[in-house]
Amino acid sequence: MNPIIAGDVRLSRIPWLCLCVLGLTLLGATTEALAHAVAEGDKGYIQEISGIQLLPFVYLGAKHMVTGYDHILFLFGVIFFLYRLQHIAIYVSLFALGHSTTMLAGVYFGIGINSYIIDAIIGFSIVYKALDNLGAFQRWLGYQPNTKVATLVFGFCHGFGLSSKILDYNVSPDGLLPNLLAFNVGVEVGQLLALAVILIAMGFWRRSPSFLRHAYTANVVMMTAGFVLIGYQLTGWFVS
């Protein structure tokens, strides 16, 4: 086979691969939303230790971000149409600033938000970003909301989602601040790892002539995942 044609065939598979990943994420969202709990092994370990434990908290922060389908979906939506690394860095930094601020403040000052409600808001952030990528607000409202402000505000919401998970750990107050900072470092490490994977996949996909053709479908799938997350979390809130 002609190598150019073979390359085109391989590239043409990228959008479908991305859609499959989004579909699996949607399935994961339905499963984990029903569970709505901190991993029992992690929770038990954290409850048994006290004092400054930096490495365990770095690991937990990275694990939560890498396995956090809601955070990854929002991040995916944020960088979907960003092509320059400078722009990506700005938006990712705004998101990191937002979730770091409320995560640290929420745990340190014991500001609790019902986990079902905050996770439903996080689901809404995914829906919002998908609609933004589809140009819905320009068509419906006649203007484009400030995307940087929206990224920062939803970063605050995601941070409260993180703090609610940490509060579920019943972390010992002994060494709390250093452990929180370590957790936040882990979150940023996990975010960078997830971002690297997304950018590599998006780089291949964008080289395909079918990118713009499948971009609509990808964002509809992402929006559907957000609605499913909202539905399950609100259901959990009503029945709990």
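In what order do the elements of the chain run from the N terminus on? They run α-α-α-α-α-α-α-α-α-α, and the chain has 10 helices and zero strands. Helices (H or I, at least four residues) and strands (E, at least two) are DSSP runs, numbered from the N terminus.

Before you click around, a word on what you are viewing. This is a predicted model, in which local features need pLDDT of at least 70, side-chain atom pairs count only at pLDDT 80 or more, and totals for chains, interfaces and linings use all residues. Residues are numbered from 1 along each chain as its sequence is written, and side-chain values use heavy atoms, with hydrogens and water left out.

**Stop 1: the whole chain.** Select everything and colour by pLDDT, the predictor's confidence in each residue, from 0 to 100. The chain has a mean pLDDT of 83, with 82% of its residues at 70 or more. Now pick out residues 24-37, where the pLDDT is below 50; this stretch has 21 contacts in the model beyond near neighbours in sequence. Residues 1-14 also stay under 50, with eight contacts beyond four places in sequence. A contact here means heavy atoms within 4.5 Å.

Switch to a surface view next. The accessible surface comes to about 11,900 Å², and carbon and sulfur atoms contribute 69% of that (Shrake-Rupley method, 1.4 Å probe; for residues, only the protein chains shown count as cover). Of the 240 residues, 51% are buried, meaning under 20% relative accessible area with a 1.4 Å probe, protein chains only; exposed is over 50% and partly exposed lies in between.

**Stop 2: helices 5 and 9.** Select residues 85-108 (helix 5) and 176-206 (helix 9): their axes come within 11 Å and cross at roughly 150°. Helix 5 is therefore roughly antiparallel to helix 9. Axes are lines fitted to C-alpha atoms, for helices over the stretch in contact, with angles from 0 to 180 degrees between N-to-C directions. Show side chains: among those that meet are Phe95, His99 and Met103 in helix 5, and Phe183, Val187 and Gln191 in helix 9.

**Stop 3: helices 3 and 9.** Which residues meet here? They include Phe57, Gly61 and Met65 in helix 3, with Ala182, Gly186 and Gly190 among those in helix 9. For reference, angles under 35 degrees count as roughly parallel, over 145 as roughly antiparallel, 65 to 115 as roughly perpendicular and the rest as oblique.
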